[in-house]
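Have the structure open while you read.

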Amino acid sequence: MPGSSGADIRTLRPGSPAPQQSVSRLALEELAEIELQRDEEAAAALGTVRRPLVAPSAGPDPALSMNHPFYDVARHGILQVAGEDRLGRRVVTFSCCRMPPSHELNHRRLLEYLKYTLDQYVESDYIIVYFHHGLNSRNKPSLGWLQSAYKEFDRRYKKNLKALYVVHPTNFIKVLWNILRPLISHKFGKKVTYFNYLSELHEHLKFDQLIVPPEVQRHDEKLRDLHAGRLPPPAKTPPPRPPLPTQQFGVSLQYLKDKNRGELIPPVMRFTVTYLREKGLRTEGLFRRSASIQTVREIQRLYNQGKPVNFDDYGDIHVPAVILKTFLRELPQPLLTFEAYEQILGITSVESSLRVTCCRQILQSLPGHNYAVLSYLMGFLHEVSRESIFNKMNSSNLACVFGLNLIWPSQGASSLSALVPLNLFTELLIEYYGKVFSSRQAQRELSDGGAPADGQGGPCPPDGPAAGLTRPPMPPRPLTVTGRPL
């Protein structure tokens, strides 16, 4: 995210082996989505203005005619040819902040325009400067597009590309690199260089010829001020205030319980789960798709103000799915609690036949309220997984999506290597819902001395040779309500 140290980015050198080869693509995609949202939130914290509905104009280019074969794309100013570097190589810039929302830009046309532009220079040495600032959830291309783009740039394009400079990289770039790693050759990877500040480009480029969007320059100034210990003007940061009585996001489960007459299940969770159960169980890719961050913020504002939300008004079944994930991610403490983090990371060292029992024992250390909410959520996700023939979301896929939203460390973010145990633990909770949340069996096991009372003991004891090998029965459907708060 903006402000990350250069060492953070550069430790993941292009072409180096992946930290955890068994991390699934879906888990990395979800991590990329989370990191992109964090980028936007960090930009807002720096005082960056909220993303406009339309990308800022690059200004009229006198050389650009409406007869240009790619005028529809070129008019945005995403690509610019910016003179030469200090070695006489042509410089082409790509500015994310110039990209309009995805529904306003044909990304296939963007790829064709990029090839059309590079075709004029690929016979000689050239470099690309990629300004990452401005990429957000509304204008980002799909990962499939990025893959196809790399594949379409054959040897003719890659041979004379001497450098790819990535300016203002974030953790999103690190995750994206791991997703695309199987496609990217070691030789190409060595051409990639990361620059945290514009000033680092001076020794490589003729800076007076470089076309840097004003948005990128302002972002660079804020990053340099932050690095020098100069915080953004306090006038741009609203003073802290106590949460509203109707607040739903960013407050504790206890706060929600107190404000909702002792109801254990938070209203947002109950409404989104009920709506998705009624209308979304067979939606392909449920919980995998993203939504406009403006839409998400609007719904959060409505919920926090105690106003009604009708998901039918948004015409997108993925919106309530994103709201549910956002609610979990914005809890002050993860649903599985900070205390359980290290225990959960140890799940991969437990013999496979004993893992269900181990999961159940870890959950016994949760506060009662957390346990009730987790059981409600896992029961629903188990139900979603039972419809995987339609929605393509089995327990493993759902775990990749929800693992990072259920647990994270008290300091910093989860590492790539932590994704495997976190996702495995979540998958077990979903797949063996009935067995993991069998409270009577769990209490009997505890009363027999099978696990320490505080749940912090050593290896989890066995639960018989068939532990975790049978699919639990379908959880009963709760009574349904509408998607609108009562």
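## Cavity and helix packing

Helix α2 gives the lining of the largest cavity its largest share, six residues. A quick note on the ground rules: this is a predicted model, in which local features need pLDDT of at least 70, side-chain atom pairs count only at pLDDT 80 or more, and totals for chains, interfaces and linings use all residues. Residues are numbered from 1 along each chain as its sequence is written, and side-chain values use heavy atoms, with hydrogens and water left out.

That cavity has a volume of about 230 Å³, and the structure holds two cavities of 30 Å³ or more. A cavity here is a set of points, on a 1 Å grid over the protein atoms alone, where a 1.4 Å probe fits but cannot get out; lining residues have an atom within 4 Å of a point. Volume is the space filled by probe spheres set on the points. Of the 18 lining residues of the largest cavity, E33, Q37, S290, V322 and R329 are the closest to its centre. At least two lining residues come from each of α2 (25-45), α12 (293-304) and α13. By class, the lining has six nonpolar, four polar and eight charged residues (Ala, Val, Leu, Ile, Met, Phe, Trp, Tyr, Cys and Pro count as nonpolar, Asp, Glu, Lys and Arg as charged, the others, Gly among them, as polar).

Now for the helix pairs. Helices are DSSP runs (H or I, at least four residues) numbered from the N terminus. Axes are lines fitted to C-alpha atoms over the stretch in contact, with angles from 0 to 180 degrees between N-to-C directions.

| Pair | Axes come within | Crossing angle |
|---|---|---|
| α11 (267-279) and α13 (318-329) | 9 Å | roughly 150° |
| α12 and α13 | 10 Å | roughly 70° |
| α4 (107-118) and α5 (143-152) | 11 Å | roughly 25° |

Take α11 and α13: their axes cross at roughly 150°. That makes α11 roughly antiparallel (over 145 degrees) to α13. Their contact (heavy atoms within 4.5 Å) is made by V268, M269, T272, V273, Y275 and L276 of α11 and P320, A321, I323, L324, F327 and L328 of α13. Those residues divide into eleven nonpolar, one polar and no charged.

Helix α13 also meets α12, with axes crossing at roughly 70°. That makes α12 roughly perpendicular (65 to 115 degrees) to α13. On the α12 side the contact uses T295, V296, I299 and Q300, and on the α13 side V319, V322, I323 and T326. Five of these are nonpolar, three polar and none charged.

Finally, α4 and α5 are roughly parallel (under 35 degrees) to each other. H107, R108, L110, L111 and K115 of α4 touch W145, A149 and E152 of α5. This contact has four nonpolar, one polar and three charged residues.

Definitions and conventions:
On a 1 Å grid over the protein atoms alone, a cavity is a set of points where a 1.4 Å probe fits but cannot get out, and a pocket is an open set with protein on both sides within 12 Å along at least five of seven lines; lining residues have an atom within 4 Å of a point.
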